[in-house]
Structures are given as structure tokens and as C-alpha cells.
Amino acid sequence: MIRYFYSIVAAHLHASRREAEIEAVRRVVEMAFGPQAVLHHTPAGVPFIPDLVGLSFSITHSKEECILALTDEGSIGIDTELARPQLERVKSRFINDCDDILPGLEGLLQAWTVKEAVYKAALIPGLALNEIIILSGRRRAEARGQEFRIEYPTLTPHRVTAVAIKTQ
């Protein structure tokens, strides 16, 4: 089972957007793990909580919201995005001929969020987004021999959210 923790990014309450994002991340970490939890990051930027055993989590944030996904099923990654025309310009950097994607901007948006979520769950240094293959039906993906289950929770309106859970 995957549990989700959500917070708005209240930029108007802080001197900078970055401070607002940090505060939103702190709130979701506290909701998930309690007020004593202290978030750390590996040298590669992967968030972790010391002494956390048997659980995996991933955090995504935008300028409006922050979401933490938590599971005991294996390594997890989450990403949430709004449609952006820029995806069309950069699609050659993350789409490959083997990907099963929907047509148009909707398909690019879904593919981007899946690949970002898989990237986070895979924990493979140097993994390029175009190395991640979205398999038939868009409910599975693979990257360098690792397989992932993909879910698309509807957490907020007008956004596409993808969650990847490593299955092997």
C-alpha cells in the first residue's frame, strides 16, 4: 500500500519560494514520520531519514504543492507536473522509440512524470531518462534490467502524478 502526504507551498508566507518549498517538505516529512524526523540527503541528493527501516519514500514538489509517497513495497519514486509546451521541444531527450505513450502533449506529460518517478526509484547513478522504457499499457517500466510498477494517483486536479515502485 502507498500512503500520500500533501502540503501546499505557501510562497506568500515566506521571503522566497525556496524557503516555502523547504517548509512544505518539512511539513510532509513531519506528517509521515512525526516531529522528531530529520530529513537528510545523500551526496547525490536522494532524501533519507536515518534509521528508517522497512519503508521507502519519495518527495516531489512544485511551486504550488509538495507530496510525499511512502510504502513498504520497495523503492519508490513520485513526480507530479502540469502540462508545459516545453515538453514538445525536449521530447527527444526523454522519449525513445520503444516507449508506449499516449499521443500529444498529454502523452508527453505522462511519460515525463513516469520517467522522473522511475529515475527516483531506480537509484542508478548516471541513468538518462531516455534509457527508461515505458512498457505496453503504461503500467510498467524498465531501466537497466530493473522493473517498476507504475501507478497514476489522482491527488490534485489538473496535474499528472506518476508513482514508480521497484518490483525486483
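Me: Helices are DSSP runs of H or I with at least four residues, strands are runs of E with at least two, and both are numbered from the N terminus. Which residue takes a positive phi just after α1?
Reply: The model is predicted, so local features need pLDDT of at least 70 and side-chain atom pairs count only at pLDDT 80 or more, while totals for chains, interfaces and linings use all residues. Residues are numbered from 1 along each chain as its sequence is written, and side-chain values use heavy atoms, with hydrogens and water left out. Helix α1 covers residues 17-33. The residue just after α1, with a positive phi of about 100 degrees, is G34.

Me: How many Å does helix α1 reach from its first C-alpha to its last?
Reply: The expected span of a helix is 1.5 Å times one less than its number of residues. Helix α1 has 17 residues, and its reach is close to the expected value of 24 Å. From first C-alpha to last, α1 reaches 24 Å.

Me: What covers the buried residues of α1?
Reply: Buried means under 20% relative accessible area, exposed means over 50%, and partly exposed lies in between (1.4 Å probe, protein chains only). The buried residues of α1 are A20, E21, A24, V25, V28, V29, A32 and F33. An α-helix has 3.6 residues a turn, so residues three or four places apart point the same way. The cover over the buried residues of α1 includes β1 (2-8), β4 (56-61) and β5 (65-71).

Me: At roughly how many degrees do the axes of α2 and α3 cross?
Reply: Axes are lines fitted to C-alpha atoms, for helices over the stretch in contact, and angles run from 0 to 180 degrees between N-to-C directions. Helix α2 spans residues 86-94 and helix α3 spans residues 104-122. Their axes come within 11 Å and cross at roughly 45 degrees.

Me: Is F94 buried or exposed?
Reply: F94 is found in helix α2. Leaving aside neighbours within four places in sequence, F94 is in contact with L87, D99, L108, A111, W112, K115, L129 and N130. At 0% relative accessibility, F94 counts as buried.

Me: Which residue, with positive phi, follows α3?
Reply: Helix α3 ends at residue 122. The residue that follows α3, with a phi near 55 degrees, is L123.

Me: What is the relative accessibility of D51?
Reply: D51 sits in the loop between β3 (47-48) and β4. Its phi is near 70 degrees, a positive value in a residue other than glycine. D51 counts as exposed because its relative accessibility is 77%.

Me: Where is R144 found?
Reply: Phi of R144 is near 50 degrees, positive in a residue other than glycine. At 47% relative accessibility, R144 counts as partly exposed. R144 is found in the loop between β8 (140-143) and β9 (146-151).

Me: How many Å separate the C-alpha atoms of D100 and R138?
Reply: D100 lies in the loop between α2 and α3. Leaving aside neighbours within four places in sequence, D100 is in contact with I134, L135, S136, G137 and R138. D100 and R138 are 38 residues apart along the chain, and their C-alpha atoms are separated by 6.3 Å.

Technical notes
Contact = heavy atoms within 4.5 Å.
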